[in-house]
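Me: I would like to learn how to read the features of a protein model. Could you take me through one?

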Amino acid sequence: MRQLPPRARRALLAMVVLALGQAHAAPVDEARNRALAWLIRNQNGDGSWGFNPGLRVVTTAAALQALANAGLRKAAYPQGVSWLANAPVASIDAQAQQIQGLQASGMNLTPLLARLVGSRTGLSYSWGSYPGFETSFPDTALALGALVDAQYAYPLNPDLAGGLCSIADGQRGDGRWSYLAHPAGAPAGSVKTSVAPTVHSVLALNTTVQKLGNYTLGCASGSKTLSNVVTSGVNGLLALAKADGGFGEGTTSTALETALAYRALRTLRPADAATAAALNYLIGKQTTAGAALGSWGNEPLATALALQALPPPSPALTDTDGDGIPDAVETLLGTDPRVVDSQSRVGGNGQSVAGVSTARRLPVATRGTAYSYSVAQTGGSAWKRVAGLLPDGLSLSAGGTISGTPSVLGTFSFSYGFSLGGQPVEVVAQITVEDGGTLA
């Protein structure tokens, strides 16, 4: 068969990509609805997601971002925020992803951001797997991306520039990144590059370009223009695409790595044929029958990442009864989209207890308006805040009354303790401060 000229091939490829995008409008919607139903049904009783305790922070963070991306901020979302805001984290990637997962919640993230900065390896913004560990990827990229996205690392300063250089200097000759920094004296090509550190590195640098500007920095390995590093990284990522359209480290594709790669490609190369092919792969790998319907391999992290990667619904999903679960998702869950009953009738995989495994949500406060609410109970004494933060302007009295005038919008998670029958009791709680008041 005679080969088409280059210009004709490019035109044909563009037509194929456009057709794939149009053909997948309905399949994407169906995949999104199935995945949302699976996430809602498989939320743990304490508000988290994930079967493996060691992965619950990153899985819950990804699930919350996926729900927010789809426009779901009522059903399942508040319970997930409550759990994630109070979850103990140690590793750098968990710290960074905890911040990213809570970003859309409106919470005051300053304490979490300050802790992340305090966990860096040195004076510059670079991180290892844990505080004090040697610089590694994707930890540095995840942490720096979280700081920039939350506008905490503004404006560009020498420390931030040093962090950007640590990422740029970590880029290998194939355009990608490895998990660990290249050891001094190691032979070229001896360090394996991978999908995850590459995706997180290009996304962190791209976020910096979008929010701070396209800086050219004098790094240890030479002058680095951020957009050029991003372009090289995306080209390196594309080289990992498989014949089936997916991405993976070895010879086969995986849903998790394809979800990561697709998220980067949808952001940076939306019209590339590989982007449409990766979407095809994801949709084709979703389970469409049985108990695992809507998931990717019945695996919470892969499902959350795949759902997070899908384009946001446009227009917004219809929710007739206003209970936070779209009508199409309620149909999959077997609940009535005309009646506000979904959150109590959807079967989960555990029972939550407000104040113990999920936060006790206290009455909503209004910024600029006096607030008073008693959490005291009969027989208790000596109330005090134990952990977390009360909204700015509010305090908890020893008699068990939260009062004051809140001055900052957001959702604040905290715990308070008291003595009951000589025994200490601790309760996890949450207050949301909404707009509507007038600041003095």
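What follows is a conversation about this chain, feature by feature.

Me: What kind of model is this, and how are its residues numbered?

Reply: This is a predicted model, in which local features need pLDDT of at least 70 and side-chain atom pairs count only at pLDDT 80 or more, while totals for chains, interfaces and linings use all residues. Residues are numbered from 1 along each chain as its sequence is written, and side-chain values use heavy atoms, leaving out hydrogens and water.

Me: Fine. How many helices and strands does the chain have?

Reply: Helices (H or I, at least four residues) and strands (E, at least two) are DSSP runs, numbered from the N terminus. Here the chain has 15 helices and 12 strands.

Me: What share of the residues is buried?

Reply: Buried means under 20% relative accessible area, exposed means over 50%, and partly exposed lies in between, with a 1.4 Å probe and protein chains only. Of the 440 residues in the chain, 49% are buried. As for surface, the chain exposes about 19,300 Å² (Shrake-Rupley method, 1.4 Å probe), and carbon and sulfur atoms supply 55% of that area.

Me: And what share of the contacts comes from residues 24 or more positions apart?

Reply: A contact means heavy atoms within 4.5 Å. Among contacts in the chain with a separation of 6 or more, 62% are between residues 24 or more positions apart.

Me: Let's turn to disulfides. How many are there?

Reply: A disulfide is a covalent bond between the sulfur atoms of two cysteines. The search criterion is a pair of cysteine sulfur atoms within 2.5 Å, and over the whole structure it finds 1 disulfide. Cys 165 is joined to Cys 219, with an S to S distance of 1.9 Å. This pair links distant parts of the chain, 54 residues apart: Cys 165 is in helix 8 (residues 158-170) and Cys 219 in strand 3 (residues 216-219).

Me: Is the link of Cys 165 and Cys 219 left-handed or right-handed, and are its ends buried or exposed?

Reply: The link of Cys 165 and Cys 219 is left-handed, with -75° about the S-S bond. Cys 165 is buried at 10% relative accessibility, and Cys 219 is buried at 11%.

Me: What does strand 3 pair with?

Reply: Two strands pair if DSSP finds at least two bridges between them. Strand 3 pairs with strand 4 (residues 222-225) in the antiparallel sense, over 4 bridges. A hairpin of 2 residues joins strand 3 to strand 4.

Me: How should I read the open sheet of 3 strands?

Reply: In a regular strand the side chains alternate between the two faces of the sheet. This open sheet has the order 7-10-9, with antiparallel pairing. Strand 7 (371-374) and strand 9 (394-396) are at the edges, each with a single partner strand, so one side of each has no neighbour in the sheet. On average, neighbouring strands of this sheet are turned by 15° against each other, direction ignored (axes are lines fitted to C-alpha atoms). Strand 7 and strand 10 (residues 401-404) pair over 4 bridges, and Ser 374 has Thr 401 as its bridge partner in strand 10.

Me: What about the span and burial of a helix, say helix 9?

Reply: An α-helix has 3.6 residues a turn, so residues three or four places apart point the same way. The expected span is 1.5 Å times one less than the number of residues. Helix 9 (residues 195-211) has 17 residues and reaches 24 Å from its first C-alpha to its last, close to the 24 Å expected. Of those 17 residues, 14 are buried, so helix 9 is largely enclosed by the rest of the structure. Just after helix 9, Gly 213 takes a positive phi of about 125°. Helix 10 (residues 226-238) has 13 residues and reaches 19 Å, close to the 18 Å expected. Its buried residues include Val 229, Val 230, Gly 233 and Leu 237.

Me: Which peptide bonds are cis?

Reply: A cis peptide bond joins Phe 137 and Pro 138, with omega about 10°, and another joins Ser 314 and Pro 315, with omega about 0°. Pro 138 lies in the loop between helix 6 (110-118) and helix 7 (139-149).

Conventions
Axes fitted to C-alpha atoms, helices over the stretch in contact; angles between N-to-C directions.
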